[in-house]
Amino acid sequence: MPEPPENRRSSEDPPPDPRQDALYRMILAVLAASVIVGALVTLTGEALFGSRALANAGLGMAVLCLALYWVFRLLGRRAARRREKERD
């Protein structure tokens with residue numbers, strides 16, 4: 001179903017700032033929580049559960065989620081800069 005005309009952006013409007021979007025902030029929060037969980041699994045995987053594979057999986061999860069977190073932050077900053085440039 002198409003959006004009503006009053007909800008559509010005009011071509012003169014700058015693109016919205018993704019850092020103000022709730023979904024963007026939720027993605028960052030989930031990625032940050034995943035980094036923490038991955039770090040905890042890394043630290044406790046071998047010590048508590050005696051599984052080196054679990055510790056390695058936790059490390060991989062933490063590193064991957066940290067990389068994705070920084071990619072999303074970079075995309076948000078670029079979009080904000082583009083928005084500021086178009087506003088001026």
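Leu28 touches Tyr69, Phe72 and Arg73 when residues up to four places away in sequence are not counted; contact here means heavy atoms within 4.5 Å. The model is predicted, so local features need pLDDT of at least 70 and side-chain atom pairs count only at pLDDT 80 or more, while totals for chains, interfaces and linings use all residues. Residues are numbered from 1 along each chain as its sequence is written, and side-chain values use heavy atoms, with hydrogens and water left out.

Leu28 is found in helix α1. Helices (H or I, at least four residues) and strands (E, at least two) are DSSP runs, numbered from the N terminus. With a relative accessible area of 12%, Leu28 is buried. Buried means under 20% relative accessible area, exposed means over 50%, and partly exposed lies in between, using a 1.4 Å probe and protein chains only. Leu28 and Arg73 are 45 residues apart in sequence, and their C-alpha atoms are 7.9 Å apart in space.

## The chain as a whole

The protein chain has two helices and zero strands. Of its 88 residues, 18% count as buried. Among contacts in the chain with a separation of 6 or more, 60% come from residues 24 or more positions apart.

## How the two helices pack

Two packed helices are described by the angle between their axes and the distance between the axes. Helix α2 covers residues 52-87, and α1 packs against α2 at an angle of about 160° with the axes 7 Å apart. The angle makes α1 roughly antiparallel to α2. Axes are lines fitted to C-alpha atoms, for helices over the stretch in contact, and angles run from 0 to 180 degrees between N-to-C directions. Angles under 35 degrees count as roughly parallel, over 145 as roughly antiparallel, 65 to 115 as roughly perpendicular, and the rest as oblique.

The crossing of α1 and α2 is left-handed, a term used if the near helix is turned anticlockwise from the far one by less than a right angle; clockwise would be right-handed. The contact of α1 with α2 has 20 nonpolar, six polar and three charged residues. Ala, Val, Leu, Ile, Met, Phe, Trp, Tyr, Cys and Pro count as nonpolar, Asp, Glu, Lys and Arg as charged, and the others, Gly among them, as polar.

Ser34 is found in helix α1, which covers residues 22-49. Ser34 has a relative accessible area of 17%, so this residue is buried. Leaving out residues up to four places away in sequence, Ser34 touches Met61 and Cys65.

Gly45 is also in helix α1 and is buried, with a relative accessible area of 0%. Beyond its neighbours within four places in sequence, Gly45 is in contact with Leu40, Gly50, Ser51, Leu54 and Ala55. Gly76 lies in helix α2 and is buried, with a relative accessible area of 0%. With neighbours within four places set aside, Gly76 is in contact with Asp17, Pro18, Arg19 and Tyr24. Gly76 and Arg19 are 57 residues apart along the chain, with their C-alpha atoms separated by 5.9 Å.

## An aromatic pair

Rings of Phe, Tyr and Trp (its six-membered ring) pair if their centres lie within 6.5 Å; planes under 30 degrees apart count as stacked, over 60 as edge-to-face and the rest as tilted. The count by this rule is one aromatic pair. The ring centres of Tyr69 and Trp70 are 5.4 Å apart and the planes are at 85°, so the pair is edge-to-face. Tyr69 is buried, with a relative accessible area of 18%, whereas Trp70 is partly exposed, with 46%.
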